[in-house]
Amino acid sequence: MAETRTEALHQNAEGLDIQTPDAILSSLADAQLEAAKVVRNAIPSIAKAAEIVAGRLKGGGKLAYAAAGSSGLMALADALELPGTFGIHRDRIAILIAGGDEAFKTLAGGPEDDAEEAATAVIDAGIGKGDCLIAISASGATPYAVRAIEEAALRGAATIGIANNPDSALLRQAETAILLETPPELIAGSTRMGAGTAQKIALNMLSTLTAIHLGHVHDGYMVNLTADNIKLRDRAARIVAAVSGRGTDEAARLLEKSGGAVKTAILLAAGADSADAAEKLLEGTGQRLRPALSAIEGSKGRTASVLIKTEPEKGQQGD
């Protein structure tokens, strides 16, 4: 196999093992920063991918992640946080990692070569038309990731590939290709470092923009979070208070009335007649809070206008 960029030796690696600890750590930190910078070059393709994912989720489809090794861990970290952070239902997310559950104990290298396991995982997850699969591989040649994207495409799913080597098999197979052309690793081939950092940033950007498209973010607030612990219940109350201008005690009361739904509580604070009315309003705006708030404000304006027009003019009160 020809040497790829992710397997090449970094220009500052010579003599690394005999340098001082501070010098080694400085080089490691600088290498991470170098890797992070390349994500900016992928912004157009990440934006396109987020639009595709949002469209599939909005249409009732699933989002699947497929990867092996360190890339699998990056996928896992992104996928597992979506329900709590953005309220995306867990049954709408599939996580396909080479080696299955055993990978969480050993992260052995062998399963990444098992293309048939990848095909079976895609089939078992029910990925097909209306769904979307993101496959991640630093080399772009990992058999598990490449086969997963092939099988998903055969079944009619939209496919997104993320890789750190240009012109790789994964990027060629993907409907939407995201190239993160990171420099060689300071420790050659250790893609859990620079390549993994760039993958995590790109995945976080992709899923966050997806959530914004779905209406789960208002200003800088996660208004569709799942508040299932003390910290998140407090955060939810603070979000309602900040957006609505109400006090935190009132915000907490509105959250109870809304069953813990942040958007609904904000609409109640804005004047929605009931939680049901607020939820119907959100259905009409595609779950987007801003137009729902505008609709309530517009309704208030129309009501005031009617009152003004129907009020008797001076001299016509009959006195």
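Arg290 is partly exposed, with 45% relative accessible area. The model is a predicted one. The side chain of Arg290 forms a salt bridge with that of Asp219, at 2.8 Å from N to O. This pair ties together distant parts of the chain: Arg290 belongs to helix α13, Asp219 to the loop between β6 and β7, and 71 residues separate them.

Asp219 sits in the loop that runs between β6 (217-218) and β7 (221-222). Its relative accessible area is 53%. Asp219 counts as exposed because that value is over the 50% cut-off. The backbone of Asp219 has a positive phi of about 50°, although the residue is not a glycine.

His218 lies in strand β6. What is its state, buried or exposed? His218 is buried, at 7% relative accessibility. That value is under 20%, so the residue falls in the buried class.

Gln287 is partly exposed, with a relative accessible area of 32%.

**Salt bridges**

How many salt bridges does the structure hold? There are eight.

| Pair | N to O distance | Accessibility of the two residues |
|---|---|---|
| Arg290 and Asp219 | 2.8 Å | Arg290 45%, Asp219 53% |
| Asp234 and Arg238 | 2.9 Å | Asp234 42%, Arg238 43% |
| Arg246 and Glu250 | 3.1 Å | Arg246 33%, Glu250 25% |

Asp234 and Arg238 both belong to helix α9 (residues 230-244). They are separated by about one helical turn because they are four residues apart in that helix. Asp234 is partly exposed, and so is Arg238.

Arg246 pairs with Glu250. Arg246 counts as partly exposed at 33% relative accessibility. Glu250 is partly exposed too, at 25%.

Arg147, Glu150, Glu151 and Arg155 are linked in a network of salt bridges.

**A negative patch**

Which residues gather in a patch of negative charge on the surface? They are Glu112, Asp113, Asp114 and Glu116. Asp114 is placed in the loop between α4 (103-106) and α5 (115-124). Asp114 is partly exposed, with a relative accessible area of 34%. Its 34% lies between the 20% and 50% limits, so the residue is neither buried nor exposed.

Glu117 lies in helix α5. Its relative accessible area is 22%, which makes Glu117 partly exposed. Glu117 and Ala98 are 19 residues apart in sequence. In space, their C-alpha atoms are 7.4 Å apart.

**A buried asparagine**

Asn165 is found in the loop between β4 (158-163) and α7 (169-173). A polar atom of the Asn165 side chain lies 3.2 Å from the backbone oxygen of Ser139.

**A loop lysine**

Lys62 occupies the loop between α2 (43-58) and β1 (63-67). Lys62 is partly exposed, with a relative accessible area of 26%. Lys62 and Lys129 are 67 residues apart in sequence. Their C-alpha atoms are 9.6 Å apart in space.

**Loop residues in review**

Lys62 is partly exposed at 26%, as are Gln287 at 32% and Asp114 at 34%. Asp219 is exposed at 53%, and its side chain meets that of Arg290 in a salt bridge.

Terms used: Residues numbered from 1 in each chain as written. Predicted model: local features only at pLDDT ≥ 70, side-chain atom pairs only at ≥ 80, totals over all residues. Heavy atoms only, no water. Patch = residues over 30% accessible without salt bridge, like charges linked within 9 Å, V, L, I, M, F, W, Y side chains within 5 Å. Areas by Shrake-Rupley, 256 points an atom, 1.4 Å probe, with all protein chains shown as cover. Salt bridge = Lys/Arg side-chain N within 4 Å of Asp/Glu carboxyl O. Lys, Arg positive; Asp, Glu negative; His and termini not counted. Charge placed at Lys NZ, Arg CZ, Asp CG, Glu CD. Helix = DSSP H or I, 4+ residues; strand = E, 2+ residues; numbered from the N terminus. Buried < 20%, exposed > 50% of the residue type's maximum accessible area, 1.4 Å probe, protein only. Polar contact = N/O pair within 3.5 Å; in protein donor to acceptor, adjacent residues only side chain to side chain.
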